[in-house]
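This report describes selected features of a predicted model. It treats a strand pairing and its sheet, and then a helix and its surroundings.

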Amino acid sequence: MTHQPPGTLYVVATPIGNLDDLSPRAARILASVARIAAEDTRHSGRLLAHLGVNTPMISLHEHNEVQRVDSLDRYLVAGEDIALISDAGTPLICDPGFVLVRELRARGRHVVPLPGPCALIAALSAAGLPTDRFTFGGFLPAKSSGRRQALERWVAREETLVFYESPHRILATLEALAEQMPERSVVLARELTKTFETFLQGTPAQLLEQMEQDANQARGEFVIVIAGAAPVERGDEQSVEADALLAALLAEGVGVKQGAAVAARLMGGRKQQWYARLQAIKGEH
């Protein structure tokens, strides 16, 4: 009796809106695998119906992913191929799948990516902000205090920043940006690839004004693309002096917030930038 080689897990990117964005390879894989692990089987059922595909599905979402690992692995060991999909876009990118992929790779299983739609990459490609370096921060915290603290950590970063945001929090997030990054150029990519796809650009205050004038602009799923902070121009000697000052403040037990205020007063610059730098130095010790 010949031994059946293990199957392959295909990580398949699916459309974020326009169904025509599904690649021919992805369609072929979804039709040929033994089963599909889907974030929401009812939602993905519409995609499969559009393709005329009747591959069996099994749910895999944030609440059951850990429990699904062993059963899906047994299917692979039995020689079945499996496709992993999320509701939209590339699995694992703010969607379930990381635990499954990590565990299966640790067990030596074959994992193959099928690249395709991804909201953050689509937004970056059309936003008109620098793309040579960027950081993706996922979703900002839902609570205002957590959102503020998160932005304080990001405010001094010089690369382009990218976040996802939901319609019921977009106004609160823009208000937080207006407080901490008031002069930054921000691009809101809304409803990407869908009928009402829109790109809005301006300072946080300008974007808030646009949404006040047209409430429809606050609807849909958002990708927020934010220009990075301007580089702080200092000579090497001054930079060393600044780091020494910050380290001394921390060593004397001065809090990060108070230390940022002192540094801004003595060295110039924005308190938020000094706050982020203090946080970074604190994390190194």
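F134 has T160, in strand β7, as its bridge partner. The two strands concerned, β6 and β7 (residues 160-165), are paired in the parallel sense, with 4 bridges between them. They belong to an open sheet of 5 strands, ordered β6-β7-β10-β8-β9, in which the pairing is mixed. β6 (134-139) and β9 (198-202) are the edge strands, each pairing on one side only. On average, and with direction ignored, neighbouring strands of this sheet are turned by 15 degrees against each other.

Helix α8 (residues 204-213) lies across β8 (186-190), β9 and β10 (222-226). Relative to β9, α8 runs at about 135 degrees.

Helix α2 comprises residues 41-51, and its residues S44, L47 and L48 are buried. These residues lie on the same side of α2 because they cover an arc of only 95 degrees around the axis. On the other side of the helix, R42, R46 and A49 are exposed.

The elements against which the buried residues of α2 pack are tabulated below.

| Element packed against by α2 | Residues |
|---|---|
| α1 | 24-32 |
| β2 | 35-38 |
| β3 | 57-59 |
| β4 | 82-85 |

Both ends of α2 can also be described. At its start, the backbone nitrogen of R42 has a side-chain oxygen of D40 within 3.0 Å. R42 is also one of the exposed residues of α2. After α2 comes G52, with a positive phi near 75 degrees.

Notes. Residues numbered from 1 in each chain as written. Predicted model: local features only at pLDDT ≥ 70, side-chain atom pairs only at ≥ 80, totals over all residues. Heavy atoms only, no water. Buried < 20%, exposed > 50% of the residue type's maximum accessible area, 1.4 Å probe, protein only. Arc of directions from axis to C-beta. Contact = heavy atoms within 4.5 Å. Polar contact = N/O pair within 3.5 Å; in protein donor to acceptor, adjacent residues only side chain to side chain. Pairing = 2+ DSSP bridges. Axes fitted to C-alpha atoms, helices over the stretch in contact; angles between N-to-C directions.
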